[in-house]
Amino acid sequence: MKQVVSAAKVCGAAAESPSVKRLHLLVADKDFSFKAGQWVDFFIPGVSVVGGFSICSSPRLLKQERMIELAVKYANHPPAVWIHNQCTLDSEVAVRVGGEFFFDPQPADASRNLVLIAGGVGINPLLSILRHAADLHRDRANKGSGYEVGTIKLFYSAKNTSELLFKQNILDLVNEFPEKIACSLHVTKQTTQISAELQPYITEGRITEKEIRDHISKETLFYICGPPPMTDFFSKQLENSHVPKEHICFEKWW
C-alpha cells in the first residue's frame, strides 16, 4: 500500500527536556493513518534532508483531533536543527508514515502481555504503544468487548530524571490502571536529588537482564527501542532465553 504524504502544520511546541522538543502537528489529509509504534518521514520546505521521527501519540488522537505528536532530540542533523531553532507555530511541513515496528492487535486476537524496553528517545514509539494499549483497555471497559489487553510493564532508562521524557504522562497511566500498567524507570548518571514523587519508580543503574527475564512467558511480546548496543543486548538475551523471534520487536535509531 502506497503511503500518503500529507501536509501538516505545527500547532504546538514545547521543551520536553533540556535536549528534546515536543511538537504537535495538525495533519491535513484525512487518509493519513498510522499504527502505534510507527515513525514518519518528515519533509521540511527548504531542507533537503528528510527527517525520520517516531510518533509518540496514540492513533486515537489522530482519529479524534487529526493530530500527531513527535519528540525530537537536538542533534547536528538538519531536520533536528530546524525543529529546535527555526520551527514556529504554523510552520508547514509534510509527513509520511513508515516502519514495521508496531502494536496493532485486532479485536479477536489472543490477549498478550507487553514488555516495553526503552533507552533515551527510544521511548517515543513505546509511549505510542502504551497509550494505544490504554485506549484499547478503556474501550473494553466501556463496551465490554474488543481486544483484551494483558499486563504492560515499561522499563525505561535515561541519563538522569530530567531526560526521562513524558514521565508525568507515564505515571498518569500507571495511576489510572494500577492493575494493568507498571513502570520501572532507570537513571544511569543522576547527580541531583530525585523528587519524592518519582522516587518509588526509580532505580539507579541500567536495566538488568534479570529484570527482563522475570517477565518472560508464552503470552508476552517484547518491544525494544533505544541505542543499537542496548537493543542488540536485550534482543540477544531474549533469544538466548528461548523467547520466539516473532515475540521480539525492535527498532534501532541513531
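This text walks through the structure from its overall build to a few single residues.

The model is predicted. Its protein chain holds 6 helices and 12 strands. Along the principal axes, the C-alpha atoms fill a box of roughly 50 × 45 × 35 Å. How does the radius of gyration fit a compact globule? For 254 residues, such a globule would have a value near 18 Å. The protein chain has 18 Å, so the two agree.

Burial comes next. Of the 254 residues, 50% count as buried. The accessible surface of the protein chain comes to about 12200 Å². Carbon and sulfur atoms own 51% of that surface. Contacts can be sorted by distance along the sequence. Take those in the protein chain with a separation of 6 or more: 72% of them join residues 24 or more positions apart.

Now the charges. The protein chain carries 28 positive and 28 negative side chains. The centres of the two sets lie 2 Å apart.

The cysteines deserve a look of their own. A disulfide is a covalent bond between the sulfur atoms of two cysteines. How many disulfides does a search of the whole structure find? The count is 0. Cys11 is in no disulfide, and the nearest cysteine sulfur, that of Cys87, is 10 Å away. A disulfide needs the two sulfur atoms within 2.5 Å. Cys11 has a relative accessibility of 36%, so Cys11 counts as partly exposed. For Cys183, the closest cysteine sulfur is in Cys56, at 17 Å. That is too far for a bond. Is Cys183 buried or exposed? Cys183 is buried, because its relative accessible area is 10%, and the cut-off for buried is under 20%.

Leu165 gives a view of one spot in the fold. Where is Leu165 found? Leu165 sits in the loop between strand 8 (152-158) and helix 4 (167-176). What does Leu165 touch, leaving aside residues up to four places away in sequence? The list runs Glu16, Ser17, Val20, Val121, Ile123, Tyr156 and Ile170. One of these partners, Val20, is 145 residues from Leu165 along the chain.

Technical notes:
Residues numbered from 1 in each chain as written. Predicted model: local features only at pLDDT ≥ 70, side-chain atom pairs only at ≥ 80, totals over all residues. Heavy atoms only, no water. Helix = DSSP H or I, 4+ residues; strand = E, 2+ residues; numbered from the N terminus. Rg over C-alpha atoms; globule rule 2.2 N^0.38 Å. Buried < 20%, exposed > 50% of the residue type's maximum accessible area, 1.4 Å probe, protein only. Contact = heavy atoms within 4.5 Å. Areas by Shrake-Rupley, 256 points an atom, 1.4 Å probe, with all protein chains shown as cover. Lys, Arg positive; Asp, Glu negative; His and termini not counted. Charge placed at Lys NZ, Arg CZ, Asp CG, Glu CD.
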